[in-house]
Amino acid sequence: MISRLSGISFDVTRKAPESIRDLFKGMYEVFVPRELRHALGEIYTPDWLAEHAFDTLAWQPRNELLDPTCGTGTFLLEALKRRLRASGNGISAAEALSGLYGIDLNPLAVLAAKVSVAVFLSRKFDPANAVVLPIYLADAINSATETNDGFFTHELQTEVAVMRFEIPSALARSDRLFPIFDRIRVLVTAGTDATAIMRDLGPDLSGFHFPGDVLTRIQRTIEALIDLHGRGWDGIWCAILADRFAAGAIRRVTHIAGNPPWVKWSHLPPAYAEFIKPLCQSMNVFSEDRYVGGIESDISTVITFKAIMKWLAPSGKLGFFITATVFSNESSQGFRRFEDDDGSPIAAVLGVQDFKALAPFEGVSNHPSLLVVEQGRRTEYPVLYKLWIPGPGTAPGQQFESAEEFRRSCRFKEVLARPVPGTDSGPWLKGTNEQQRVWETLFDASLESHYRARKGITTDLNGVFFVRARAERPGLVRIQNEPEIGRNREIARTELVIEDTHIFPLNTRTRIKCVCCRSGRRV
Ligand SMILES: C[S@@+](CC[C@H](N)C(=O)[O-])C[C@H]1O[C@@H](n2cnc3c(N)ncnc32)[C@H](O)[C@@H]1O
């Protein structure tokens with residue numbers, strides 16, 4: 001690793017901000033194994049695509065931005081780039097960072113994002129005015145929440161138990177949060193008891209004029225941290241908690257953009273899934289049936305809802321890269337409703353852009369789309385659904401220098417999307433205006449059907465019907481099925497002699513060549 005690092009020039013003073021952009025994204029992707037990154041949903045957005053999302057959102061340098069799953073900071077760097085450009089490079093680091101926030105659950109990603117931002121702004125820092133980089137190690141789903149009595153509370157799932165911490169909102173939102181938690185860490189690590197820690201913090205806390213009962217509640221949080229320390233957990237929890245409170249206390253912003261992890265519910269660590277389940281259920285994001293048609297909810301839908309509900313300002317815009325399967329599968333019905341649990345709308349879909357044909361995420365085959373919503377309104381269908389396709393001379397998987405080059409090189413087709421007629425949030429049908437009109441008269445999912453739907457073509461029983469055949473006697477063949485080739489493998493292996501009029505050549509896609517066809521199995 002050291003020899004690889006030595007090959008990289010960190011002399012950023014001689015580089016243009018453009019070239020040091022997201023410097024650590026590439027390094028991060030090299031050093032963290034691909035399998036691990038994929039398990040955590042860590043598939044990073046190419047710069048040109050992030051740029052395109054900003055253009056789509058019409059983000060202006062005066063706007064705010066939160067990326068609640070910021071990874072190595074691609075979207076934050078794009079915002080910084082635009083602010084520096086708009087100001088003619090004439091703003092300080094504090095001005096450039098004002099109103100920009102990143103959150104990520106992975107400490108390595110947070111570190112990489114912070115270093116990338118620090119490198120990017122290296123010539124803008126002023127030693128006399130220290131700034132805290134607003135990138136926090138926190139969980140975008142289980143974030144610290146503000147209570148009606150002016151506190152932020154947070155429950156952490158530790159290996160010991162679920163532990164609850166709370167601090168006054170005034171402290172969570174102040175610039176004393178990190179220095180105070182740092183002091184607590186030092187004192188807890190030194191074995192100081194809670195009363196002595198409170199005494200030590202006295203001068204710092206006095207400026208807040210907290211009444212006695214508030215101070216008692218702060219002391220309880222310190223006692224919980226001491227308890228964790230006593231069980232062999234070092235002061236790491238202080239740093240974690242400070243970040244969690246800071247992230248929870250981010251005020252509502254005009255824009256949210258990012259690429260939340262596309263991880264299926266069943267792939268989450270079971271204890272974590274159990275821990276966040278009540279939270280997710282309270283958000284009304286899941287469909288009534290968790291497993292429908294073999295497809296289940298994706299965690300990106302939960303993060304989308306949470307981000308809108310907690311951090312997006314009224315009429316604010318959110319642009320997320322999420323899997324387009326959420327617009328068509330049954331298990332995302334709750335998501336497509338975009339409603340709070342009391343039935344009030346949380347956001348209106350403004351449009352979706354589909355990038356499947358471009359395969360822009362390197363090394364993964366998925367169905368990426370850019371979802372754009374506006375906070376606080378109900379969706380008016382149909383919504384615009386834009387399908388991007390490679391243009392002349394471009395190919396799937398191709399990367400671009402900029403969003404502009406991408407838009408110049410690729411083509412798109414615009415169709416309209418709306419839920420299956422007769423439903424408020426059924427799977428979306430995508431087509432032209434005319435097709436939508438025909439579909440409306442063709443079916444209405446709210447009426448009782450004259451027909452019973454059956455499953456169409458299925459591969460489940462290939463192991464029964466795809467057989468090997470040998471001539472036995474004239475007019476007869478000996479056939480044997482192959483249980484291992486279908487999806488359903490619990491099938492008996494059988495050998496039978498049957499009339500040859502019942503079997504036919506089986507021509508699968510790979511066996512059909514330009515001018516001939518070589519059949520293998522029979523059917
Ligand atoms: C697909 S990556 C996107 C990173 C970045 N936005 C980009 O596009 O380059 C998803 C990120 O979400 C983070 N993540 C996963 N679960 C999270 C959670 N519950 N809260 C915050 N971040 C999370 C992962 O660590 C990962 O860095």
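## Strands 4 and 5

In this predicted model, strand 4 and strand 5 pair in the antiparallel sense, with two bridges between them. Glu-146 has Phe-152 of strand 5 as its bridge partner. Four residues separate the strands of this hairpin. Gly-150 in the hairpin takes a positive phi near 80 degrees.

## The sheet and its edges

The sheet is open and has three strands, in the order 4-5-6. Its pairing is antiparallel. Strand 4 (145–146) and strand 6 (162–168) are the edge strands. Each of these two pairs on one side only.

Strand 5 (residues 151–157) also pairs with strand 6, again in the antiparallel sense. Seven bridges hold this pairing in the assignment. Thr-153 has Glu-166 in strand 6 as its bridge partner. Strands of a sheet pair through backbone hydrogen bonds, in a parallel or an antiparallel sense.

Helix 12 (residues 212–230) lies across strand 5 and strand 6. Helix 12 runs at about 145 degrees to strand 6.

## Helix 5 against helix 6

Two packed helices are described by the angle and the distance between their axes. For helix 5 (residues 47–57) and helix 6 (residues 74–86), the axes come within 10 Å. They cross at roughly 65 degrees. The crossing is right-handed.

Helix 5 brings Asp-47, Ala-50, Glu-51 and Phe-54 to the contact. Helix 6 meets them with Thr-74, Phe-75, Glu-78 and Arg-82. By class, this contact has four charged residues, three nonpolar and one polar.

## The ligand shell

Which residues come nearest to the ligand? They are Thr-45, Thr-69, Gly-71, Asn-106 and Asn-259, out of 24 residues around the ligand. Helix 6 and strand 2 (100–104) are the elements that give two or more residues to this shell.

By class, the shell divides into 12 nonpolar, eight polar and four charged residues. Domain 1 (2–31 + 74–96 + 106–137) supplies at least three residues of the shell. Domain 3 (256–442) likewise supplies at least three.

Note on methods:
Residues are numbered from 1 along each chain as its sequence is written. This is a predicted model: local features need pLDDT of at least 70, side-chain atom pairs count only at pLDDT 80 or more; totals for chains, interfaces and linings use all residues. Axes are lines fitted to C-alpha atoms, for helices over the stretch in contact, and angles run from 0 to 180 degrees between N-to-C directions. A crossing is left-handed if the near helix is turned anticlockwise from the far one by less than a right angle, and right-handed if clockwise. Two residues are in contact if their C-beta atoms, placed from the backbone, lie within 7 Å. Ala, Val, Leu, Ile, Met, Phe, Trp, Tyr, Cys and Pro count as nonpolar, Asp, Glu, Lys and Arg as charged, and the others, Gly among them, as polar. A residue is near a molecule or strand if its C-beta atom, placed from the backbone, lies within 6 Å of it. Domain bounds come from an automatic or database domain assignment. Two strands pair if DSSP finds at least two bridges between them.
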